[in-house]
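Please open the model in a viewer and keep the selection tool at hand. The stops below may be taken in order.

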Amino acid sequence: MQFFAKSSGILTAQFFKSMKILAIILLAFCMQVSAESFGQKVNLDLKNVEIQTALKEIRKQTGYLFFYKSEDLKNAGRISIQIRNGGVEDAMDKILAHTGLYFEIIDKTIILKKTTGKEVGLIKNMAIDVSGTVTDQSGKPLAGATVAVRGTSHATSTDAQGNFTLNNINENATLLISFVGYHSKTVQVQNQSRLTIVMELAINQLDETVIIGYGTTSKRYNTGSVSSITNEVIENQPVNDPISALQGRVSGLMITSSSGMAGSGYSVRVRGENSIKQGNDPLYIIDGVPFISESLNTFEGANGLQNPLSTINPNDIERIDVLKDADATAIYGSRGANGVILITTKSGKKGGSKVSFNVYTGVTKINRKLNFLNTPQYLQMREAAFRLDSVAATETNAPDLKLWNQNDYTDWQDLLIGGTGNVFAGQAGVSGGTDQTSFILSTNYRKETSVMYGNMPYQKGGAHLGINHSSKNKKFNVTGSVIYSMDDNENIATDLTMYINLPPNMPKYNDDGSLYFFGTGENPLSYANRKYKSNSYTFLGNGTARYSLTKDLDVKANFGFTDIRMDQILTLPESSFNPQTYAGSSSQFGNSSVRSYVVEPQLEFNRIVGPGKLQVLAGASWQQNTSESKYLLGSGYSSDALLKDISSATSITVRSSNYALYRYQSVFGRVNYNIQRKYVINGSFRRDASSRFGPGNQFGNFGAVGAAWIFSQENFFNIPALSFGKIRMSYGTTGNDQIGDYQYLDSWASAGFPYGGVSGLAPARVYNPDYGWEVNKKFEAAIDLGFMDDKLLISAGYYNNRSSNQLVGYTLSSQSGFTEYTANLPAKVQNSGVEIDISSTNVNNGNFQWNTSFNMSIPKNKLLSYPGLESSSDAASYEVGQSIRMIKGYHFTGVDPATGNPMFLDVNKDGFYTEDDDYIVIGQTMPKFFGGLSNTISYKNLTLDIFFQFVKQEAPLLDYGPLVGTIGSRINKTTDVLGYWNGYGEQTEIPRPTTTTTEDAYKLFRNQYRYSDAAWGDASYIRLKNVAISYDLSKLTQAWKMQGTTIYVQGENLVTFTKYKGLDPEINGFDRRFVYPINPFGSVKSPKLPVLRTLTIGLKFSL
Amino acid sequence: MQHNNKYFAFLLISFIAIPFFGCKKYVEIPPPENQLVTENAFSDDRTADATMAGVYSIMNAYNYQFGNVLSSFMPAFGADEFYYAFSTSSFDEFKNNSLTPDNSYLRSFWESSYSFIYHANAVIEGLQKSTGVSEAMKNQLMGEAKFVRGFCYFYLANRFGDVPLILNTDYKVNTSMPRTEKAKVMDAVVADFSDAQTLLSDNYISTERIRPNKAAATTMLARTYLFLGKWNEAATEATKVINNPKYHLLDNLNNVFLKNSEEAIWQLQSVNKSTAGVNTWEGFNLVPFSPTGRAYYNLYNELVNAFEPGDARFANWTKSYVTGGKTYYFPYKYKIRTATPVQEYTMVIRFAELYLIRAEALTQQNKLDEARADLDVIRERAELSDLAVDLNKDQILAAVAQERRVELFAEWGHRWFDLIRTGKAVEVLKPIKPDITVNDLVYPIPRSAMRTNPALTQNEGYN
């Protein structure tokens, strides 16, 4: 019982208060409930008209067709009628009140008949029991469909076999059947005791299924904030990684690539960054099984840390749902704080076996280039530096001026990253199914070559198998899916992009053809010989077994197993070194693996209770992750040909060897009550225990309440153009435990190398067991509107997330022996913002269709409070009221015309430029707003899809950060430096060239300029992210029994509009995965390969 | 069927209910397979020994670290010993005495020193609580921990002046501790070396001379007293080691820096096998790649010219190469760039220094004859003639400085510290480093340390 005995302090008074308020609001909603039917709305205001006129009006408003004998209406007379927001049935009752006619509704048809007198008696007297089955169009039973008797509160829901029974109902009653994702349907009982009802899939976006944690809902009834991307959108993009397919498509989701290299990682942020110093990655769930977000790399190659999701084939994915607010994420408790990304893989469909193929091939290039100085311009700048420094250029300090050919020119940018890559991808699959069993099996292969110098192919391949089986009575159902994929990434050790600014006249080769080196300097061409190779293997298996205990109660269990491995080899042969610094060949070996299992038994209860439909979910979860890694270094090889063989090394060093066990255990539940399809209340709860916390701190409680009011269903609501209106709100708490394992442990770990035959130990960390869950309180209020029969859908929401009890690697001053320890920081961080989603069907007539969708997010991040900040080790890094990702620096005030030295604002006026004291906030790394605009136009067989992504943001420019040399040092600069100060009295904004460390100009550049707002600026961009044109050739190929034959052209990152002074505004030098402003300069990386422009042509068909 | 269902439901509900009722054990995981909890680390002699071995391993694991280049090269650049032949800004800052608080080597020195201090403090605290470690082992390790702590503070205080004096692992307090007056830090250094001297035995715990023993503590104590001007104590301590039969000056200068040479008091073992054949990182950096190739570190002409004609140390401990028609010299005490098996270890404390300590201390006490005798021991080994018998105190002090310069060059910053403590740095260095000021003799507190501890103040002349 101790499980509930302890209060973790997470469900605070404030939470209860908010729940109370919500409860009151909901109660107010409930008071509005009347015995209103489920029919479509009618508004009539007619005076003295013929009945036909009234019927025409109803037809116009509802689309119902009428059948009647005109003679029956001939003598019916004229009527006056006023109805506001009435049901069709009500309207008909009123219209026919004194006509001697009655009506029946069959599907969308109303039939008028003359009353004979008998019917009245029957209606009044006969009560029968009706049972039936509800299925979809393929005959698959629909479990949990609502079956209601019109005009009464009598209702039930179907069991797992789609069966229902209604006792004691009028034999002529009308049944209204509704199911999420399907059109609602009315059926006349007409004295039948056994009904088979086939539901039609809704094309209305509002009724499409939305996947949520441990269940499904529809956009119409969802109380939470969920954005979805389906396979059609993913398929339009010739991308390697499913994450990149989401870029710009989802409001609230900011995705930034870390490099244009295949397989490289992404920064994925749902509604900003909540955690000051710990992980801000969302939780990934693939088919119900948590997937890791941390890279498995033991060391980095040119593509950096590989994204483990990159091995998943985007085309195996059916849909991706991004859960954002408390209502949607609280069911994931302690891991929901940074949002949840649910990936659902494709499953087989009933029908004959279908074999499908899809291949495409294309080319890639970097999307943007820099304008570097040419040789004369460069040499002029260098000469100016020596002249202004009053230092003589010599062969040692200026080989470019004294030693190298003054006319040579190498476009290093073009040579190193300007190549053309090829991409080829193909997949083949088979799917099919019967009433009881369906399956899908697909295989895929992809190969890319790099745009970088040296041949480095990236290949991946995989298979996906999905099976679904039900027992004959449908009481028992199992689904299973297995994904196995692997990649083979041949790379080099370092991203050569960092060498594109080498002097343009630096020789590449010696006269004898060998590589040229100046002193101990580098020649990037030698790095092409530093081969890096990684192989990843991903196995994902999951299964769900479901059994219907009663018609209301299902019991089910999810089982999942993942096994992810990565092997890496890096070889450093003699040929990859400057012979002057060569100290023997060596190679590095990395192996890592993460194995995890999850078991999640669940109970689902579904029943009509009182005026609404009640869904209850209760479940538990056990999860274990075991991760291991080894990083070995071999040296002393007798031949460079043996570098890949560790047993040929005479000396093997263990660089690191890691092991971690992570266990996680939860109980969770959710209650959803949908009253009259007008009011929905949803409450969820989770209690988590995690091994990442020390004894006494392992448990945490999380929960949320969400409510939605579909006000367009109200009688009093009458705006004809507005077809749908919903207000929803949610509030709740989620947590974050991305702190790594064993952080509470007081322990010693290997010191690395044995010393004197003793394997040494070193303190693993400073000891602090007293830290607990990070708490993230999320509030959201949103309005969803549908206009013109839901052809135009607008959704606008405001969210406010506050993260407190921050789990941090608390910064220690290095004098304490360590630079951080894990603790809860009392700081409070707020992420608030507005998100807008618009989707519109502009034209939809037969041959011509035009759809537009638009999303935009305006996030704002703010440090609300940080008690004790002034005296803490974070004093220089954070400011209350500012973004937690603010960047401080000097304010550049211009160049002194007398000296050519840059000048800065001396904030404290002490005559010195001092870090911190003279710093101002020069910007922040999080975007100000971002979004995307997509247009899909199809005319007959031709479909065109155009997608623009836009981001408003700031970033470091080329001259920012500690890796940047002065103007005039032996590195090339872009043409932006032209106009540099060149002599006394010159007025310019660009400091003078200098190359001597003792010069003031040199020191000012290195200590101030490159950390000032002169080197920081706008990196906003609008990118033509994706264009997809496809032409459906099905008609032509029918003769060969080919179906769905489509030829297509797809382009990715085609055009970028930006004023950014740097390579790529997206990959702008900040590695956003690791941006902590502890030392704002420390997180600036050397330039990385820009994202690639890709153009492909492809063909798909099935047999 | 109905009955079955109920049974099934009961099973599943119980399954779900388990976590509600004390299945707390599931998330209580054992410590990882690659770590040892602190209690266990000090539960017996073997693991306790490993906690101390770890410090030395880390000190010398990679290039440019506390145990090698950071401690030997950087001060040599700042003084008039040798320089890097090419221009790279972080080296140039040392060479030009224009250090900025951002300098990465400076930061590395600060951070690694304090991490060894934490390590030593953790060992001291672990041993104090331990019941399983034998008394002998406890004394040895306690002595080593205090030695290491004192050693780190010795260098911190002599480089940075006032530094935070941290003597326990209470990181929450220590992280914001202000700087302690240099004199107090030096008192703590004396205390640590004295304790270490008491606790450590004459023998090495290891078969090799790679872990500090009593003689190492005594030498450091002698050196500290010398730096503090406590001449009598310095001479007394130095004598203790000079009389220790374990140590000799080797006749063959080429054998001095070999591993476990009889002149070695404390050496750091070469632990890193990741760069094949590295013996010492000093040798790896200083010795040219090919026997005829150029070196990257050149001796200042001032040092070359400082050798008296016929000094065997010049012939054996320096080497020359010619490039562009000019002859350059580089330090050649370590002779191996790479070779297996390992023949050389990094020399940290060496016997010759004790004669020089005692000679200086004796001179200061006006015991000029004895002092001259000590200097002559060093000179004789270098195949130089004895000093003239009529030298006065100042002349002998100059002779001490001269011998220290040519005997101890390129080792652990001796020259840099000697110039500073004798007040001659600016005057001597000015001709080759025109911009040098007295402020440059104290390093700036690294920016990263200042940033994370608002209580720290910067040294004069830096911002």
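A salt bridge is a side-chain nitrogen of Lys or Arg within 4 Å of a carboxyl oxygen of Asp or Glu. This is a predicted model, in which local features need pLDDT of at least 70, side-chain atom pairs count only at pLDDT 80 or more, and totals for chains, interfaces and linings use all residues. Residues are numbered from 1 along each chain as its sequence is written, chains are lettered from A and ligands numbered from 1 in the order in which they are written, and side-chain values use heavy atoms, with hydrogens and water left out.

Select Arg271(A) and Glu780(A) to begin: their side chains meet in a salt bridge of 2.7 Å, N to O. Arg271(A) sits in the loop between β17 (266-270) and β18 (283-286), while Glu780(A) belongs to strand β37 (residues 774-787), 509 residues apart. Strands (E, at least two residues) are DSSP runs, numbered from the N terminus. Both Arg271(A) and Glu780(A) are buried, that is, under 20% relative accessible area with a 1.4 Å probe, protein chains only.

Next, select Lys556(A) and Glu604(A), a salt bridge whose closest N and O atoms are 3.6 Å apart. Strand β28 (residues 553-572) holds Lys556(A), and strand β29 (residues 586-609) holds Glu604(A).

Then move to Ser938(A), in strand β47 (residues 929-939) of chain A. Ser938(A) counts as buried because its relative accessibility is 12%. Beyond its neighbours within four places in sequence, Ser938(A) is in contact (heavy atoms within 4.5 Å) with Asn847(A), Phe848(A), Gln849(A) and Thr943(A).

Terms used. Helices (H or I, at least four residues) and strands (E, at least two) are DSSP runs, numbered from the N terminus. Buried means under 20% relative accessible area, exposed over 50%, partly exposed in between (1.4 Å probe, protein chains only).
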